[in-house]
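Hello,

Here is the structure I said I would pass on. Please open it first, then read my notes below.

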Amino acid sequence: MANIKPVIVGLVMLVGAINNVIASPNCTVTIHSNDQIHWNTDDIKVSKTCEMFTINLIHDGHLDKGVMGHNWVLTKEQDKEDVAKAVILEKETDYINDDPRIIAHSKLIGGGQRTTISFEVNQLQQGQQYSYFCSYPEHIGLMQGTLELVD
Ligand code: ZN
């Protein structure tokens, strides 16, 4: 009987080790936005062990997307201003154009709606600063954040 305790301790440690190996990194972020031109996330770290990264964008407000639309647009930091200035004219296509500097984007949603976007992590480079923002006119000032690839 004296041997049982070490065996159990060993078993617990083994299970713990297996859990650590299996536990996947968090490859999803959920962002809540509202009618006050606000979202609750201004910094996202993407683990390079993720194959795909997923953004869930939720609009907790009530206003229509025509007056309080939100989307999630990802560019390199240095491309953000140019891209944002150009897409603001694209009302017909919900403030998105086919600029290749847009790495990923969600669709535009209004109050009570949610949307999900996934993009391939191998498009990102470590050491590069990325930015994300809402491209609805005049929202970028209040709805933006930084994103980077980490170990
Ligand atoms: Zn917005």
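**The zinc site**

In sequence, the donor residues of the zinc ion follow the spacing G-H-x63-C-x4-H. Keep in mind that this is a predicted model.

The protein donors are Gly69 (O), His70 (ND1), Cys134 (SG) and His139 (ND1). They lie 2.0 to 2.4 Å from the zinc ion. Two of these residues link distant parts of the chain, 69 residues apart. His70 sits in the loop between α2 (65–68) and β4 (73–76). His139 sits in the loop between β7 and β8. Both are buried: His70 has a relative accessible area of 0%, and His139 has 3%.

What is the arrangement of the 4 donor atoms? It is irregular, because the angles around the zinc ion run from 79 to 129°, and a tetrahedral site would need all of them between 85 and 135 degrees.

**Ser135**

Ser135 is also in the loop between β7 and β8. Ser135 is buried, at 5% relative accessible area. Its side chain reaches the backbone oxygen of Tyr95 at 2.7 Å. Beyond its sequence neighbours within four places, Ser135 contacts Asn71, Val73, Val87, Asp94, Tyr95 and Ile96.

**The cores**

The largest nonpolar core has 28 residues. Ile44, Phe53, Ile55, Trp72, Leu74, Phe119 and Leu147 touch the most other members. Several strands supply at least two residues each, including β1 (28–33), β2 (43–47) and β8 (144–150). β3 gives the most, with 3 residues.

Best wishes

Note on methods. Residues numbered from 1 in each chain as written. Predicted model: local features only at pLDDT ≥ 70, side-chain atom pairs only at ≥ 80, totals over all residues. Heavy atoms only, no water. Core = buried A, V, L, I, M, F, W, Y, C linked by side-chain atoms within 4.5 Å. Buried < 20%, exposed > 50% of the residue type's maximum accessible area, 1.4 Å probe, protein only. Helix = DSSP H or I, 4+ residues; strand = E, 2+ residues; numbered from the N terminus. Polar contact = N/O pair within 3.5 Å; in protein donor to acceptor, adjacent residues only side chain to side chain. Contact = heavy atoms within 4.5 Å. Donors = N, O, S within 2.8 Å, 3.2 Å for Na, K, Ca; no water. Tetrahedral: all angles 85-135°; square planar, octahedral: opposite > 155°, others 65-115°.
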